[in-house]
Amino acid sequence: METYMSIMIGVLFAIGTYLILTKRLLRIALGTSIIGHGVNLLLLTAGGLKKGAPPLLGLKEQSFTDPLPQALILTAIVINFATTALFIVLCYRAYKVSGTDDIEQLRGHGNE
Amino acid sequence: MNNLVILPIILPIIGGMLMVILREYLWFHRLLTLAVTLAIGAVSILLMEQIKIDGIQTLQLGGWAAPFGISLVADMFAILLVLVTAIVTFCCVLYAFSSIGIERERHYFYPLCLFLIAGVNGSFLTGDIFNLFVCFEVMLVASYVLISLGGEKIQLNESIKYVLINMISSFLFLVAIASLYAITGTINLAHLSVRIAEVGQGGLITTVAFLFLIVFSLKAGLFLYYWLPGSYSAPPAAISAIFAALLTKVGIYAIIRTFSLIFYHQPEVTHLFIGVLAAATMVLGAIGAVAYWDIKKIITYTVVVGVGFILAGFASFTMAGMTGALYYLIHDMIVKALLFLSAGATIHLSGTSKIREMSGFIRLHPRLGWMFFIAALSLSGIPPLSGFLGKVFITEGTFQADYFWLGAIGLFTSLMVLYAVMKIFMNVFWGYTNYTAETLKGTAKGLLLPIGILTGLTIALGLGAEGIHEYVDLAVTGLMEQNMYIEAVLGENRR
């Protein structure tokens, strides 16, 4: 299962990187979002995808799932969500102010 | 267990939230911001005394013992930086009162500053690597908003680059944490140190260490600083002073912490590489500082040189080098804020940032001129001022570690920095003035007090170095002897 997950993560990273390297701001924002998902899956896979009981006191099972990666992902998702939202708003504002969403034309501001 | 440790993190958060609720009362914002920074300063001084007497103070949040819960750790290194952060923020906010403008104040400038220092203090005090990531993000989100606050075209363009670079480095940070967790099965810094010391630092762990180094270098501006000059010169002076004084220093703190506590087993690979990066950073930063004729660009490049110099001291990984790095880190935080604020004052007065278009300010504003002169001398490490001691120790450390090339590059780039800041002084302050009191774009009223406080501090740090020597010594001992940290955090849970 971990192998399939690794391939999946690789695919997500590849797509994200491709999108970040394009010129349009919106594509870049989507690319960061996709890489973010890849990273979250990587965190989950790094802990090992074991099957077991939920890690609660009082259960009789012998094996338990590691709760830590899930706690980490929960935080990472929230942060990723917040930064992506902020980035998209920023892209929108830059588009409004400069009238273009082409990263090439956003360069330079008079004194270069 | 010491509940004081959490105060530097939650005081600014509570203050910031109060301000968001009471958004109409700007005088309340100003007073509360000053009060919170003063309170953080007082708490950190109290903690410094406790650490000196009782050793490293920890707080296990929620009462969960160390490797399982979240720990906050205040060792001398962290708390010194928290103290300097409070001082610098106090001065920058004082400067912002009369320079930032009512619109930015209304759009939550002060709460954002407080959230920023909550993140900065959190990064200094946290005891596990995932919380380091979280505090980084708290700090970065606040800085994303601060850098674009005002919405000028240049600010928006620069902030897009800044946000994108930092988002990518955050992803890499998570990848590094995931790999480290997969290898060691823990995220507590002290526990990581114990586990890696047990199994030895193999190739895999060194690779992860390099991944961390890439991430922290991006944040600190160590070699991967290409986003820095643009983003730091875009926002107004008060904001860029806070950025220059605090943000890169958090990255430096993270490098020093991880590479002295966790990945210290192969200094001939990792620390040598840090040294090479530091040398490249110093050279490239100094070239940038010499090349530009724009006051903001020059001083942002001196930030880059400072980063390289501090990490050159750390790369030597000797007692002297570390002492120097710490002295220089404290000095750098103060003097960078001072430089940015005084450069901001000249820009405020003349309305331009090109140094060829300014001249003779010292005739109209002698106090500002001489304070800039002191800042410039202090930056390049002229003896009685605060940069000198750090420079001596760092050079001594690099020589002890047989990295003669590193020390030589450090000294040479200091000369280039001296040339660059003297270029500013000669062009902006010296010579005949083409301004009269009427043609100036503004007054320096209210701007001189924070600049004066910081100037006083840089002189006091230079002359009174003996006074803080005891604390710096404790901090360096804490960094070099990992057992003190591990013992304080894990206690009897150590396995």
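Contact here means heavy atoms within 4.5 Å. By that criterion, and not counting residues up to four places away in sequence, B:Thr318 touches B:Gly397, B:Gln400, B:Ala401 and B:Met480. The structure described is a predicted model.

**Surroundings of B:Thr318**

B:Thr318 lies in the loop between helix 13 (295-316) and helix 14 (319-350) of chain B. Its relative accessibility is 15%, so the residue counts as buried, the limit being under 20%. A polar atom of the B:Thr318 side chain lies 3.2 Å from the backbone nitrogen of B:Gly321.

**Overall form of chain B**

Chain B has 21 helices and two strands. The C-alpha trace of chain B spans about 70 × 55 × 40 Å along its principal axes. For 495 residues, a compact globule would have a radius of gyration near 23 Å, and the 22 Å of chain B agrees with this. Of the 495 residues in chain B, 65% are buried. Among contacts in chain B with a separation of 6 or more, 82% are between residues 24 or more positions apart.

**Helix 8 of chain B**

Helix 8 of chain B covers residues 189-199, and its buried residues are B:Leu189, B:Ala190, B:His191, B:Leu192, B:Ser193, B:Val194 and B:Ile196. The cover over these buried residues includes helix 6, helix 7, helix 9 (203-220), helix 11 (237-261) and helix 21 (482-490) of chain B. At the N-terminal end, B:Asn188 caps helix 8 of chain B, with a side-chain oxygen 3.0 Å from the backbone nitrogen of B:Ala190. Just after helix 8 of chain B, B:Gly200 takes a positive phi of about 85°.

**Interface of chain B and chain A**

The contact between the two chains takes 29 residues from chain B and 35 residues from chain A. Together the chains bury about 2800 Å², of which 83% is on carbon and sulfur atoms. On the chain B side, B:Ile160, B:Phe171 and B:Tyr181 lose the most area to chain A, together 22% of what that side buries. Across this interface there are zero salt bridges, and one residue pair is in polar contact. Helix 6 (129-148) and helix 7 (153-184) of chain B each supply at least two residues of the side that touches chain A. The largest share of that side, 17 residues, comes from helix 7 of chain B. The residues on the chain B side divide into 20 nonpolar, four polar and five charged.

**Salt bridges**

Side chains of opposite charge can pair when their charged atoms come close. The structure holds nine salt bridges over all chains; the table lists examples.

| Salt bridge | Closest N and O atoms |
|---|---|
| A:Asp101 and A:Arg24 | 2.7 Å |
| B:Arg30 and B:Glu105 | 2.9 Å |
| B:Lys52 and B:Glu49 | 3.7 Å |

A:Asp101 lies in the segment after helix 3 (68-98) of chain A and A:Arg24 in the loop between helix 1 (2-20) and helix 2 (25-46) of chain A, so the pair ties together parts 77 residues apart in sequence. A:Arg24 is partly exposed, with a relative accessible area of 41%.

In chain B, B:Arg30 lies in helix 2 (residues 26-54) and B:Glu105 in helix 4 (residues 102-106), so this pair ties together parts 75 residues apart in sequence. B:Arg30 is partly exposed at 27% relative accessible area, whereas B:Glu105 is buried at 2%.

B:Lys52 and B:Glu49 both lie in helix 2 of chain B, three residues apart, about one turn of the helix. B:Lys52 is partly exposed at 30% relative accessible area, and B:Glu49 is partly exposed at 31%. Salt bridges that share partners join B:Glu49, B:Lys52 and B:Glu470 into one network.

Conventions:
Residues numbered from 1 in each chain as written. Chains lettered and ligands numbered in written order. Predicted model: local features only at pLDDT ≥ 70, side-chain atom pairs only at ≥ 80, totals over all residues. Heavy atoms only, no water. Buried area = accessible area lost by both parts, 1.4 Å probe. Salt bridge = Lys/Arg side-chain N within 4 Å of Asp/Glu carboxyl O. Polar contact = N/O pair within 3.5 Å; in protein donor to acceptor, adjacent residues only side chain to side chain. Helix = DSSP H or I, 4+ residues; strand = E, 2+ residues; numbered from the N terminus. Nonpolar A, V, L, I, M, F, W, Y, C, P; charged D, E, K, R; others polar. Buried < 20%, exposed > 50% of the residue type's maximum accessible area, 1.4 Å probe, protein only. Rg over C-alpha atoms; globule rule 2.2 N^0.38 Å.
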